[in-house]
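Subject: Structure for your review

Dear colleague,

Please find below the structure that I am handing over to you.

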Number of protein chains: 2
Amino acid sequence: MLIDGIQATQVSATDRGLNYGDGLFETMRVHRGRVCLLERHLARLRESCRRIALPYPGDDVLAGDVSRLQPGADTEGVLRLVLTRGDSGRGYAPPPGAAVRRIVALYPLPRLPDELTVGICATRLGRSPALGGLKHLGRLEQVLAAAEAAAAGWHEGLMLDECDRVVEGTRHNLFFVRHGQWYTPPLDACGVAGVMRGMVREALAMLGLGGGEAALRYDELHEVEELLLCNAVVGVRRVSELDGRRLGGGRVVADLAAPLAAAGAAWLA
Amino acid sequence: MLIDGIQATQVSATDRGLNYGDGLFETMRVHRGRVCLLERHLARLRESCRRIALPYPGDDVLAGDVSRLQPGADTEGVLRLVLTRGDSGRGYAPPPGAAVRRIVALYPLPRLPDELTVGICATRLGRSPALGGLKHLGRLEQVLAAAEAAAAGWHEGLMLDECDRVVEGTRHNLFFVRHGQWYTPPLDACGVAGVMRGMVREALAMLGLGGGEAALRYDELHEVEELLLCNAVVGVRRVSELDGRRLGGGRVVADLAAPLAAAGAAWLA
């Protein structure tokens, strides 16, 4: 683990990420020792920094951190990059000239089967237009929902917003079929606009299979015949069972592999 | 600062409070070297722990931490108590048997005048029934709103929810007058149900001045003649100016002092 570019395992207890969730993170796939989709992740991070007025450290500094971790040439894993607004005294207002803190750490690749069983979590996603789409550090809703999924034995849990719209999984974005076209829920008020979600949208459009945004109400979910989940660690996964109901399809996962690999998801090649 | 009862300034960078906002905090007033309202704060914390399935360390352990900090006999300050779900690898789901981490730190008393100028923040509070009322570690909305208030030169900024209801300030709960009675907005879907808010409600009821919950729409705010803000650090403050409009009243602040002091807000005596 590197903290501000230096090998370390501890951070100051006055860190604003710890005390106020005042920061952002990216979760990246490491394949054969290389970080995949780094440019897309950094572009997303830069834009997210702009939204919360967190000074972006710069592509070179962050790419330098990543390369300094030096995963072995055969490493399959996950690289997590956290930015916080550094240290401050007590108080929500960001101190002038706060120094951004960078934490980069390597984790093992999680195991996940090709076909996922999914249920609906009772924990809802809050609707917060200020934070919608951001991968910020305040993830207590996902923690509670993931605990539900683990207790129920699902591979993943879907989360609804307060308006009974299906938004995403606890750690995956969601795609669904309607009238033969694929859609993903809009994320203007909640959810994380994942890097892989953007790539899947592009790939679906290229294949003539859709890729647009559309809301999905909870009561429509049970008519859906096919569901995909995606993130930048695993790529795309088919949902085989939703709330105990078997779902069909899955050919699209194979169809997506080539365009996603060509766009940088090297582990899908 | 004490971390798990031991003098320290650093925490593990794998702390779940840092990585996922997976934790809670209490902010307490220190007056003449003593922590005020400790029992109420711990009762609130215990109930909040129950809501997010965070093991509560016990009153004795937490009171022990607080007494071990030993503020000097004349100290006026703020004591912040943070609980996190300890360390874990990557992943939202709480690891079985996670050890709760305790961080207790003393901060200087903030300066705040008796009469506050207040504006309306553009940053909205997300509506999240799972987290409504909790003082959890994910406070990025408050960070963004506090930055707005600081930039505008207000003492405090009021925050609306997505439904145009006025909920609270960035660091104070809100009371308003309607037909001669005082009310405070309900916090079932957002906001922090502060210890002082509960005490002010009880004191208002005792004085025959109300203290119930009622929603306050943004378009009703501009008809309100009197506003109070409160928290466990300062007690109660009158709003003298709202969005540039002078507000009247304020006698209730003096009326509340005696019952609040009797209920444990010793610095108001």
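A nonpolar core is a set of buried Ala, Val, Leu, Ile, Met, Phe, Trp, Tyr and Cys residues joined through side-chain atoms within 4.5 Å. Buried means under 20% relative accessible area, exposed means over 50%, and partly exposed lies in between (1.4 Å probe, protein chains only). This is a predicted model, in which local features need pLDDT of at least 70 and side-chain atom pairs count only at pLDDT 80 or more, while totals for chains, interfaces and linings use all residues. Residues are numbered from 1 along each chain as its sequence is written, chains are lettered from A and ligands numbered from 1 in the order in which they are written, and side-chain values use heavy atoms, with hydrogens and water left out.

The core. The largest nonpolar core has 68 residues, and those touching the most other members are A:Leu79, A:Leu81, A:Leu83, B:Leu81 and B:Leu83. Setting aside residues up to four places away in sequence, A:Leu83 touches several residues, including A:Leu45, A:Leu54, A:Val100 and A:Leu137 (contact means heavy atoms within 4.5 Å).

A helix pair in chain B. Helices (H or I, at least four residues) and strands (E, at least two) are DSSP runs, numbered from the N terminus. The axes of helix H2 (residues 38–51) and helix H3 (residues 59–69) of chain B come within 11 Å and cross at roughly 130°. Axes are lines fitted to C-alpha atoms, for helices over the stretch in contact, and angles run from 0 to 180 degrees between N-to-C directions. H2(B) and H3(B) are therefore oblique to each other; angles under 35 degrees count as roughly parallel, over 145 as roughly antiparallel, 65 to 115 as roughly perpendicular and the rest as oblique. In their contact, H2(B) contributes B:Leu38, B:Leu42, B:Leu45 and B:Arg46, and H3(B) contributes B:Asp59, B:Leu62, B:Ala63 and B:Val66.

Positive phi values. Most residues other than glycine have a negative phi. A:Ala53, however, has a phi near 55°; this residue is in the loop between helix H2 (38–51) and helix H3 (59–69) of chain A and is exposed, at 57% relative accessible area. A:Asp243 also has a phi near 55°, and lies in the loop between strand S15 (235–242) and strand S16 (245–246) of chain A. A:Asp243 is partly exposed, with 40% relative accessibility.

Helix H7 of chain B. Which residues of this helix are buried? Within residues 251–262, they are B:Val252, B:Leu256, B:Pro259, B:Leu260 and B:Ala261. Their cover includes helix H5 (195–206) and strand S14 (227–231) of chain B.

Yours sincerely
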